Amino acid sequence: MSRDTLSRPEPVTPRRARRETRGPRRRASRTGARNARAAAAFVLPFFALFALCFLAPIGYALHQSLFTTERTGPLGLGGQEREVFAGLANYAQALSDDRFLTGFGRVLAFGAVQIPLMIVLATALALLLESASARAVPFFRSAFFLPYGVPGVIASILWGFLYVPGISPLVKIAGSVGWDLDFLSRGTVLWSLANIVTWQFTGYNMLVLIAQLKAVPGELYEAARIDGANAWQVARHLKIPLIRPALVLTGVFSIIGTLQLFAEPMVLRPLASSIDSGFTPNLHAYSEAFVGNNPHAAAAEAVLLALVACVLSFGFLRLVGGRTKERG
Amino acid sequence: MTRPPVRYRIITASLLTIAALYFLVPVYWLTVSATKNSADLFGTFGFWFSDHPDPVGHLVDVLTYDHGIYARWFANSLFYAGTGAVCATLLSAAAGYALAKFPFRGREALFNVVLAGVLIPGTALALPLYFLFSAMGLSNTYWAVLIPSTVSPFGVYLCRIYAAAAVPDSLLEAARIDGAGEARIFGGLGLRLMTPALVTVFLFQFVHIWNNYFLPLVMLSDSGLYPIQLGLTSWTGYADRQPVLYQYTVGGAFLSVVPLMVLMTVLQRYWRTGLTEGSVKA
């Protein structure tokens, strides 16, 4: 999963932004031309590949989503195939496909529960580790961060074994005290997936928050303590507001990550009959392309997925951004 | 500074310990299970060793199964992640450096396009990318996974921020007056001053490519080109018919996680310093 590429926070301070735009003073137009040539040479390789791997696929998907394959053979099988313009028919079909919509509803419910849980857990761990009463901080920090280094597929295989009866020691322990645990039933499997994602990314988000906590000058905490604030008050009224930008970023990237949910359900599918090929929107688009052999419908679904991700993340940014501004 | 009361310290320690158990127990399970054969994997208690653990023998089995296909997958992963991350770092460095240090028309527009790239969900791109690459005849080749791995919008973003803060204009001016060409200035001065950011970009891109599953899954059909993750899931797919593959999957998962654990320990340090420096130095 590529949630990791996306979840890179980097607060930009206004001061730094100003410095960047100032640049070297322009002395003569000759220098300017030389600058432009050099800049182009530096920038071109990246942007050529960026165009090939980001812009072109989006354009191609938009284009493909507007066409459909017409088959002229008997029963629509074999015979001649040709591409015909279909307008928004692929979108209409996707939006009226119950399984696709159910998949969307499922990942939204997943995100509504998993993201707040994970962020609260990451914040709590970050604050605990940064509190003066914590010992063995490097050990705990590494332990919490470790799962981030386990690829989503491996994490899913790992937890899959911990879920499946017969191998799982967890099921065995629960069974021995008369508790019939079923991690993979229709009702529980979504939350078993949520556990895998939480396990993987909490430590990562925690490090983001710790980095921001460290950037806060220590005198601020001293001042609060001298004013008689206890540890809880310092956390509640000082630290949490100060790490708000990092919290917002982890939130946005978690939303994007959730909508892409794919590897975890894909890997657990052979173990859990409750996961079908439309379990998440991404899984649906994948099977539309490779099992249903319908790339046009898959393209439309990929475009819809990207759109929803954009709308949700920008919506979330606006929602919390307004309040951040009031704070100055 | 006064030391917090013992009561606080005990509560803190217990909460941190519980959390550590949650994060470490699955890894512990994997380690224990890698020492077991198929029968013991199902027959013995998962959190403890069997009566006759044989880690070395089982891992050798994993490596030699099917003419050493696992080793091939491992090498593929190293190739994709290593080559991809090196290229991504150099491309990002050049672009980020230029965006920070050369005022040219359309600079901010370009930068905004990069930022949008950071926000586009990777898997929403993978399918369209497959359609495009397969139209170009590139799918099911090394290039299909390698080319997209060399593009890191986040890397450009980080390099620009870092270059703006860490590469002084006066130094560049001095080098220009001395008659050095722009390429030499970048290679000799820019890259050196940007090293901490470059290490961060490299490590993150490496882990990102190593962990990527969706892109190779859609791009590759020849199992000789698979990275580890894809190979392991192909094993679990056959495990129903060939139960010994459960054991190989566990052993293979263990082997694949070990190098990343090492990398993580290194990465954590660099990443944190990179991030804090980025936000403090301005």
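**Exercise 1. Determine how the axes of helix α14 of chain A and helix α5 of chain B are arranged, and which residues meet there.**

Solution. Begin with the axes, which are lines fitted to C-alpha atoms, for helices over the stretch in contact, with angles running from 0 to 180 degrees between N-to-C directions. The axes of α14(A) (residues 281-290) and α5(B) (residues 122-135) come within 10 Å and cross at roughly 10 degrees; the helices are DSSP runs (H or I, at least four residues) numbered from the N terminus. Because angles under 35 degrees count as roughly parallel, α14(A) is roughly parallel to α5(B).

Next, list the contacts (heavy atoms within 4.5 Å): from α14(A) come Asn282(A), Ala285(A), Tyr286(A), Ala289(A) and Phe290(A), which meet Thr123(B), Leu127(B), Tyr130(B) and Phe131(B) of α5(B). Finally, sorted by class, this contact has seven nonpolar, two polar and no charged residues, where Ala, Val, Leu, Ile, Met, Phe, Trp, Tyr, Cys and Pro count as nonpolar, Asp, Glu, Lys and Arg as charged, and the others, Gly among them, as polar.

The model is predicted, with local features needing pLDDT of at least 70 and side-chain atom pairs pLDDT 80 or more, while totals for chains, interfaces and linings use all residues, and side-chain values use heavy atoms, without hydrogens or water. Residues are numbered from 1 along each chain as its sequence is written, with chains lettered from A and ligands numbered from 1 in the order in which they are written.

**Exercise 2. Describe the interface of chain A and chain B by its contacts and buried area.**

Solution. First, 107 residues of chain A are in contact with 111 residues of chain B. The buried area (accessible area, 1.4 Å probe, lost on putting two parts together, summed over both) is about 10300 Å², of which carbon and sulfur atoms give 76%. On the side of chain A that touches chain B, helix α3 (residues 29-65) gives the most, with 20 residues, and the residues of that side divide into 74 nonpolar, 17 polar and 16 charged.

**Exercise 3. Locate Leu181(A) and list its contacts.**

Solution. Leu181(A) is placed in the loop between α8 (169-176) and α9 (189-214) of chain A. Not counting residues up to four places away in sequence, Leu181(A) touches Leu170(A), Val171(A) and Ala174(A).

Definitions and conventions
Helix = DSSP H or I, 4+ residues; strand = E, 2+ residues; numbered from the N terminus. Parallel < 35°, antiparallel > 145°, perpendicular 65-115°, else oblique.
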